[in-house]
Amino acid sequence: TQLLEQSPQFLSIQEGENLTVYCNSSSVFSSLQWYRQEPGEGPVLLVTVVTGGEVKKLKRLTFQFGDARKDSSLHITAAQPGDTGLYLCAGAGYGGATNKLIFGTGTLLAVQP
Amino acid sequence: SQTIHQWPATLVQPVGSPLSLECTVEGTSNPNLYWYRQAAGRGLQLLFYSVGIGQISSEVPQNLSASRPQDRQFILSSKKLLLSDSGFYLCARDRAYNEQFFGPGTRLTVL
């Protein structure tokens, strides 16, 4: 069974601090996505990484896909209260008729003003 | 635009009662559709997926069933709800590059 473990599970920081969220698996994925979810809403896609070692930046967010395509990280610089939410990584396997995703265990981030 | 509607938004049901949650998709034809359940503050568990009308695959054994009577309609059902069925239910469809687009969700509380 493919599993994606995220760490930390919870994170409470002050505005302006930096943080890193990790997403780890023993399985290889064809691509990996990061989503952010706010309470009572569906997850919203932030980024997709598809190449081992790839780094993508989205304003203050930096995403990295591990060289072996088994892990990923999300780094936020100078966090703001608007970054508060549940961060989910999700990995896609190879082949098949659907794009079934394996979702990570989630990281709940609270940024205090 | 491509939109997913989920109905109802919230639901409180007694144990043993039936359930029907509806998901409808706009702006796309023959989408792959998914039902997920989420516990508070946690990741998503895939329950069912469908590649077309009448085609349902179940990911985990459970008290729930799914149906796809029309191309853009995906229904999650139960004959008798259990306390453990409580959660946040999300419908999703495929998008490009293995990405998924989610509906707004249904919060189900079983008492």
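## A hairpin in chain B

In this predicted model, S7(B) and S8(B) are connected by a hairpin of two residues. Strand S7 of chain B covers residues 65-70, and strand S8 of chain B covers residues 73-78. The two strands run antiparallel and are joined by four bridges. Within this pairing, Ala66(B) has Leu76(B) as its bridge partner in S8(B).

In a regular strand, side chains alternate between the two faces of the sheet.

## Secondary structure and dimensions of chain A

Chain A contains 11 strands and zero helices. Read from the N terminus, the order of its elements is β-β-β-β-β-β-β-β-β-β-β. The radius of gyration of chain A is 14 Å, close to the 13 Å that the globule rule gives for 113 residues; chain A is therefore as compact as a globular protein of that length.

Along the principal axes, the C-alpha atoms of chain A occupy a box of roughly 45 × 30 × 20 Å.

## Burial and contacts in chain A

Of the 113 residues in chain A, 46% are buried. When contacts between residues at least 6 apart in sequence are considered, 55% of them in chain A link residues at least 24 apart.

Technical notes. Residues numbered from 1 in each chain as written. Chains lettered and ligands numbered in written order. Predicted model: local features only at pLDDT ≥ 70, side-chain atom pairs only at ≥ 80, totals over all residues. Heavy atoms only, no water. Rg over C-alpha atoms; globule rule 2.2 N^0.38 Å. Buried < 20%, exposed > 50% of the residue type's maximum accessible area, 1.4 Å probe, protein only. Contact = heavy atoms within 4.5 Å. Pairing = 2+ DSSP bridges.
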